[in-house]
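Q: I would like to learn how to read a few features of a protein model. Where do we start?

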Amino acid sequence: MTPQELRALCLSFNAAVEDFPFSPEISVFKVLGKMFALSWLDNRPLTVNLKCDPEDAVRLRADHPGLIIPGYHMNKRHWNTVTVDGELPDQLVRELIEDSYDLVVAGLPRAERLRLDRP
């Protein structure tokens with residue numbers, strides 16, 4: 001997955017936006033003001049921080065040592081840093097990004113979740 005593909009995927013979700021609250025080099029992808037992905041798109045290897053269910057986070061780290069690690073500068077219980085350099089299947093990366101988005105949306109107040117469901 002290229003940086004452009006990663007950006008396009010993150011922005012393909014309903015109400016997703018890209019923001020740069022930390023620095024111009026760090027893309028933060030949010031839904032209704034809540035972060036679901038963070039990436040230094042110019043870094044090599046390309047990595048992305050993603051929210052994850054704590055039990056899944058531990059399992060993913062064990063299944064993909066060195067490619068999925070505790071979230072860099074994040075709450076290590078709820079965030080993973082995923083290396084997106086081609087060693088992990090793109091489909092898995094897509095699923096992890098979608099899961100992160102879904103977890104954040106699930107934590108939004110009901111009124112905001114309903115707003116997202118409207119066309």
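Predicted model: local features only at pLDDT ≥ 70, side-chain atom pairs only at ≥ 80, totals over all residues.

Q: Which strands are joined to β6 by bridges?

A: Helices (H or I, at least four residues) and strands (E, at least two) are DSSP runs, numbered from the N terminus. Two strands pair if DSSP finds at least two bridges between them. Here β4 (residues 47–51) runs antiparallel to β6 and is joined to it by 5 bridges. In that pairing, asparagine 49 has threonine 81 as its bridge partner. Strand β5 (residues 68–70) is also antiparallel to β6, with 3 bridges.

Q: Why is β6 described as largely enclosed?

A: Buried means under 20% relative accessible area, exposed over 50%, and partly exposed in between (1.4 Å probe, protein chains only). Strand β6 (residues 79–83) is largely enclosed by the rest of the structure because 5 of its 5 residues are buried. Trp79, Thr81 and Thr83 point one way, Asn80 and Val82 the other way, and all are buried.

Q: What does the side chain of arginine 61 do for polar partners?

A: A polar contact is a pair of N or O atoms within 3.5 Å; within protein, one must be able to donate a hydrogen and the other to accept it, and residues adjacent in sequence count only if both atoms are side-chain atoms. Arginine 61, in helix α2 (residues 54–63), has a side-chain polar atom 2.5 Å from the backbone oxygen of lysine 76. Its side chain also makes a polar contact of 2.6 Å with that of asparagine 80.

Q: How far is arginine 61 from the nearest side chain of opposite charge?

A: A salt bridge needs a side-chain nitrogen of Lys or Arg within 4 Å of a carboxyl oxygen of Asp or Glu; Lys and Arg count as positive, Asp and Glu as negative, and His and the chain ends are not counted. Arginine 61 is buried without a salt bridge, and that nearest side chain, aspartate 53, is 10 Å away.

Q: How many disulfides are there?

A: A disulfide is a pair of cysteine sulfur atoms within 2.5 Å. The structure holds 0. The sulfur of cysteine 52 is 15 Å from the closest cysteine sulfur, that of cysteine 10, so it is too far for a bond.

Terms used
Residues numbered from 1 in each chain as written. Heavy atoms only, no water.
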